Protein chains: 2
Amino acid sequence: MIIVETIDYRRGAVRIIDQSALPAVERYLDLGDVDALAGAIRTMKIRGAPAIGIAAAYGVLLALERALGGDRYAFDHGEPGRPVPIPEGTDARSLERAALEAIDLLGRTRPTAVNLFWALDRMRRAISGAGEDAAALCEAASAEAFALHDGELELERRIGEHGAALIKDGARILTHCNAGGLATAGYGTALAVIYAARGQGKDVQVFADETRPLLQGARLTAWELRRAGIPVTLLCDGAAASLIASGRIDAVITGADRVAANGDSANKIGTLGLAVSCARSGVPFYIAAPWSSIDMATPDGSMIPIEERDPLEVTRIQGVDIAPQGVSVYNPAFDVTPAELITALVTETGVIRRPDEGSLAEAARRAGCSPSRKPPRNP
Amino acid sequence: MIIVETIDYRRGAVRIIDQSALPAVERYLDLGDVDALAGAIRTMKIRGAPAIGIAAAYGVLLALERALGGDRYAFDHGEPGRPVPIPEGTDARSLERAALEAIDLLGRTRPTAVNLFWALDRMRRAISGAGEDAAALCEAASAEAFALHDGELELERRIGEHGAALIKDGARILTHCNAGGLATAGYGTALAVIYAARGQGKDVQVFADETRPLLQGARLTAWELRRAGIPVTLLCDGAAASLIASGRIDAVITGADRVAANGDSANKIGTLGLAVSCARSGVPFYIAAPWSSIDMATPDGSMIPIEERDPLEVTRIQGVDIAPQGVSVYNPAFDVTPAELITALVTETGVIRRPDEGSLAEAARRAGCSPSRKPPRNP
C-alpha cells in the first residue's frame, strides 16, 4: 500500500528518501546514528510532520543501537519480533541515558513540528515504563517505534478508504502542497484518497498547485503522483481560480495542519483561496486529516496561531534572488479555511459532512476517538 | 510625473531601462539601431504592451536615422520641433523603404503583443501619408512617434487622477503583476492610481503579489514602488486570499489586458482569485485600463482567447528546474474576471462603477471615445 518509501528502520539504520534531492534525483540515505538523522531533519531531507514524528521515534532506536554496541544490529522493522541481542553486562540505566540524550537532541531539530514532540513523548514513556531490565527496555522502545510507524500507515489507509467513496470515476481533482506519501508514513492524507480511488479502479486525474513559497506541489506532489502512475498536471497557484471556475475540476482535496472544534481548518497558505473559489463555483472542497489533527481544545480558526516564516523563502528561489534586496515580505505558512466552506472532512473513522461543532463532537463520540491537541500534519 | 524612465528617444538612440536585469541592477541601454532594439524586445529587456508599442514606433525612427546617414542625430524627444537635417540628395523613397523594412522586422519580435502592431500601423500610415518629400516624411514619422509616446503618458496620468479619488488616506492596496511605469510609458495604469493618490498627499501602503510564473510583482512592481518611495510588501500569490479575508486590505487594483463589452476583464493569471476573494469579503475590486483595452467588439469574457504559454515558465525559475522533467503543465497567461465582481473600472475618461454592457456603452458615448479592439496592455 505504501506509495513512497519515505522512511523505514532496516538492519540497524534509518533509511529515508532524500527529499532535498527531489525531484531531480531519487536517492535513499541510510542513517546509522542520531547525529546524522538530526541533521537530515534539520536540512529537510525528511519533512512533513508525520514523517518527522516517525523519524524521531526511530532516532531513539538508533541511540539504543549505538549504546548496545553489539556487532550485529538490534532492530529491524522487517523483523519486529526479532530477539534483541543484549551484550553481556548491559546496564538498563546507560541505555535509558542514551535514549534520553537522543530525545533531547532530536527535540531541538525542528522546533515547530509538533508531531516530533508527540513521537518523542511516546518513546520517553515507553522507555521509562520498561523498568530495570535492558532487554525489556529495548523491546518496549522498538515496539513503540514500530507501532507508531504502523499506526500512521494504518490511519492513512483508512483515510484513503473513506475518502475514495467521495471520488467518482473519471474525477479531476485539484490539490495543494504535499499531503502525500512523502509527508507521512508513505501513503498520505489528501493523496491517500486519490491512491485509494485509483486502487478501486477509478480513473483519476490530478491538478497540483505548485505551492509557493516552498514549491512542495511542484517538487514533491508532482513527483510522487507520476511515480504512482497517476496523471498529474502542474499549475501555478494563481491559475487554480480560473481552472475551478471553468468547470474542469470535480473536487479539491487538501490536508490540514490543525482543525478547530468548529471545523475551521488551518492548512498550507493558499488553501483558503481554493475553498472560496470552490464555494463560488459549487465545486466540493474536501479536507483529509487524521483525528490527531483535530484540536477540540481550539474552539475556532481565529484561535489557531499562524506562523510567519523567513522572508527569504519568498525572495529567493533555489538560491536565486527574485526580488529587490531588503523588500518587506508577508510570508504566513498557513491560512484558515472557515468550516462553512468545507464540504466534508475525511478522517480515519469516516467522512464528516459539513463539519461544525456539533457534527465533529458527535463524530468523535461515535468513533470513540479522543481527539488530541496534536498539530500540525504537513509543515 | 514619470516614475520610471522605461523608454525614451534621445539624441538619435532609444534609451531603455534593462528590465531583464531588474531588480538586481538598474541599467540603461542606448540602442542605436533597429536590430539592437528588436533584440531587446525579443529578450524582454523591454516588456509590457504599451512600452513595446512605444519601442516599436521609436524603432522606425532609428531606421530613418540610419538611412539619413548624417553625422548628427535627426530626432530627439527632448527637442520635438528640431529641424531634421536632411543630407543632400536624400530620396524619400529610400527612407520609406528603410522604414518599412524596420516595421517588418519589428513586427516579428513579439507575435502576441497587439500594441506592437497598433503602433507600427500608426507609423506606417504617418509615413505613407507624407508624400514624396524626405523632410516631410521625417517630420511626420517623428511627430507620430512622439505623439504616440506623449499620448500614452497623458492617458496614464488621467487614469491615475480619476482612480485616486477611490483611494482614501491610509489605504492598504493589493495589486497583481506589474501594471506600473515599467509596463507603460513610465507611470502605469493600476500603479498610476497609487502614484496619483500619493501625489495628493495620501498615505498608501501596497501589497504586491509576486505573480507566478514570471514574477513581475516580485521583480518589477516591488522595485518600482520602492523606488517611488511607496511602502510595499511582497507576498506569494496564495497568501492574498487570507490577507483579503483578514480585513487588512482596503482595495485591490489591477490592470487589464482586454475588457469585453459587458465588462468581463482579462488580466494576468491570478486576478480572478483576487476578485472572488474581494467579493466574499466586501473589499472593492478595481480595474484600471485605458479605453484602448476596452474591446466593444467582444461581447463577453467567454469570447476572449486565453493564451497558454511555455511549460518552462512554470517548471524552471531563473534557470533552475523545480519540477519533475516532462511533467504536464497548465500555464494560461490570463484569466477572465466576470464584470459582476468588478466594483469599478478606471479609465482615462473617468470611473465606471459596476461596469456592464449598458454602463460601458453609455460611458463611451459620454466620453466621445471610440473604443478600439486593441488588446492587451501588460503581457
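A: Let us begin with a pair of strands. Two strands pair if DSSP finds at least two bridges between them; strands (E, at least two residues) and helices (H or I, at least four) are DSSP runs, numbered from the N terminus. In chain B, strand E9 (residues 265–268) and E15(B) pair in the antiparallel sense, over four bridges. Across this pair, Lys268(B) stands opposite Phe334(B) in E15(B). The model is a predicted one, in which local features need pLDDT of at least 70 and side-chain atom pairs count only at pLDDT 80 or more, while totals for chains, interfaces and linings use all residues. Residues are numbered from 1 along each chain as its sequence is written, chains are lettered from A and ligands numbered from 1 in the order in which they are written, and side-chain values use heavy atoms, with hydrogens and water left out.

Q: Which helix packs on the sheet and touches E9 and E15 of chain B?

A: Contact means heavy atoms within 4.5 Å, and axes are lines fitted to C-alpha atoms, for helices over the stretch in contact, with angles from 0 to 180 degrees between N-to-C directions. Here helix H9 (residues 271–281) of chain B touches both strands, and its direction makes about 30° with that of E15(B).

Q: In what order do the four strands of the open sheet in chain A lie?

A: The order is E11-E8-E9-E15 (chain A), and the pairing is mixed. Strand E11 (294–295) and strand E15 (334–337) of chain A are the edge strands, each pairing on one side only. Strand E8 (residues 258–260) of chain A pairs with E11(A) in the parallel sense over two bridges, and Ala260(A) stands opposite Asp295(A) in E11(A).

Q: How is one copy related to the other?

A: Two copies of a chain are related by a rotation about an axis and a shift along it. Copies are superposed by least squares on the C-alpha atoms of residues with pLDDT of at least 70 in both. A rotation of 180° with 0.0 Å of shift along its axis superposes chain B on chain A, with an RMSD of 0.0 Å. The two copies are therefore related as by a two-fold rotation axis. The same surface serves both copies, as 100% of the contact residues of chain B recur in chain A.

Q: What is the mean pLDDT of chain A?

A: pLDDT is the predictor's confidence in each residue, from 0 to 100. For chain A the mean is 92, and 96% of its residues reach 70 or more. Over residues 371–379 of chain A, pLDDT stays under 50.
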